[in-house]
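Please read them with the structure open.

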Amino acid sequence: MGPGRTTLVPPPGAASPVRHPEAPAPGTLLGPHYDQCFGCGEGQPHGLHLQARAGEGVSITAEFTVQPAHQGAPGLAHGGVLASALDETLGSLNWLLRVIAVTGRLETDFVRPVPVGATLHLEARCMGIDGRKIYASAVGRIDRPDGPVAVRADAVFIEVKLDHFTRNGRPEEIKAAMADPDQIKVARAFEVNP
Ligand SMILES: CCCCCCCC(=O)SCCNC(=O)CCNC(=O)[C@H](O)C(C)(C)COP(=O)(O)OP(=O)(O)OC[C@H]1O[C@@H](n2cnc3c(N)ncnc32)[C@H](O)[C@@H]1OP(=O)(O)O
């Protein structure tokens, strides 16, 4: 099936996701996977600074507080920023699977506007795996883990090899990330199983 026609629901026969035996325990804060990541990096002043935690099974919870730099309409979060928060939370599932994967398709429902200052409580879960395709869904609620639903997303991530990043990324950043003496940081920048 071509990418444009790929369903976001795991096909019959898709495998159940398996949490990697060395995945961090439920409740563990994952920390940024890359300092310059727009979603979670501490080196991005206007980034989301999203904080993700390992959940049970192959699931993630995350929080992100909407800042003035994230506005679309006056006082409200930009839809693309909310999609980024969903993408980042969904992408963090790959760390629990210890699979390197990139977003192939992300479909977002915007259910309620999210004001500046609100904290989005996100939860993502892997729904199934079919070959290189990883199916996952996420929801974001306002101000509380059981608050009103503001956004939902369904996505398919595609497993890639490390060379996806080394071939396509800009050499300056690749070199700098690779040169970090902390091997876990190097691995996580590229979402590689250390
Ligand atoms: C903690 C980490 C957080 C990270 C932040 C969140 C993650 C991101 O935002 S990643 C950045 C955004 N994504 C990208 O830049 C990806 C850009 N796209 C690409 O590089 C390529 O199109 C890529 C790698 C996805 C697929 O290319 P390629 O490896 O050639 O795939 P290909 O062999 O054609 O297809 C493999 C399978 O995937 C499916 N597929 C490919 N592309 C897509 C797509 N866009 N949507 C759905 N399915 C797709 C194909 O249908 C095929 O399925 P099947 O095996 O059933 O036939």
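1. Which residue is the bridge partner of A138 in strand 6? The partner is A153. Strand 5 (residues 133–142) and strand 6 are antiparallel and joined by nine bridges. Strands here are DSSP runs of E with at least two residues, helices are runs of H or I with at least four residues, and both are numbered from the N terminus. Two strands count as paired if DSSP finds at least two bridges between them.

2. On the source of the coordinates: this is a predicted model, in which local features need pLDDT of at least 70 and side-chain atom pairs count only at pLDDT 80 or more, while totals for chains, interfaces and linings use all residues. Residues are numbered from 1 along each chain as its sequence is written. The protein chain has an average pLDDT of 94, with 95% of the residues scoring at least 70; pLDDT is the predictor's confidence in each residue, from 0 to 100. The ipTM is 0.97 and the pTM is 0.96.

3. The sheet is open and has six strands in the order 1-2-4-5-6-3, with antiparallel pairing. Strand 1 and strand 3 are its edges, each pairing on one side only. From one strand to the next the twist averages 20 degrees. Axes are lines fitted to C-alpha atoms, for helices over the stretch in contact, and angles run from 0 to 180 degrees between N-to-C directions.

4. Going through the pairs, strand 2 and strand 4 are antiparallel over seven bridges, and T65 is opposite T119 in strand 4. Ten bridges link strand 4 to strand 5, again in the antiparallel sense; L122 has G140 as its bridge partner in strand 5. Strand 3 (residues 101–110) is antiparallel to strand 6 (residues 149–159) and is joined to it by nine bridges. In strand 6, V102 is partnered by I158 and E107 by D154.

5. Two hairpins deserve a look. The one formed by strand 4 and strand 5 has two residues between the strands, and G131 in its turn has a positive phi of about 60 degrees. In the hairpin of strand 5 and strand 6, six residues lie between the strands and D143 takes a positive phi near 70 degrees.

6. Helix 1 lies across strand 1, strand 2, strand 3, strand 4, strand 5 and strand 6, and runs at about 135 degrees to strand 3.

7. What does A136 touch, leaving aside neighbours within four places in sequence? Its contacts (C-beta atoms, placed from the backbone, within 7 Å) are L90, L93, A124, R125, C126, M127, A155 and F157.

8. Most residues other than glycine have a negative phi. H49, in the segment before strand 1, has a positive phi of about 50 degrees. R98, in the loop between helix 1 and strand 3, has a positive phi near 55 degrees. H49 counts as partly exposed because it has 18 C-beta neighbours inside 10 Å, and R98 counts as partly exposed with 17. The scale calls a residue buried at 20 or more other C-beta atoms within 10 Å, exposed at 12 or fewer, and partly exposed in between, with C-beta atoms placed from the backbone.

Technical notes:
Two residues are in contact if their C-beta atoms, placed from the backbone, lie within 7 Å.
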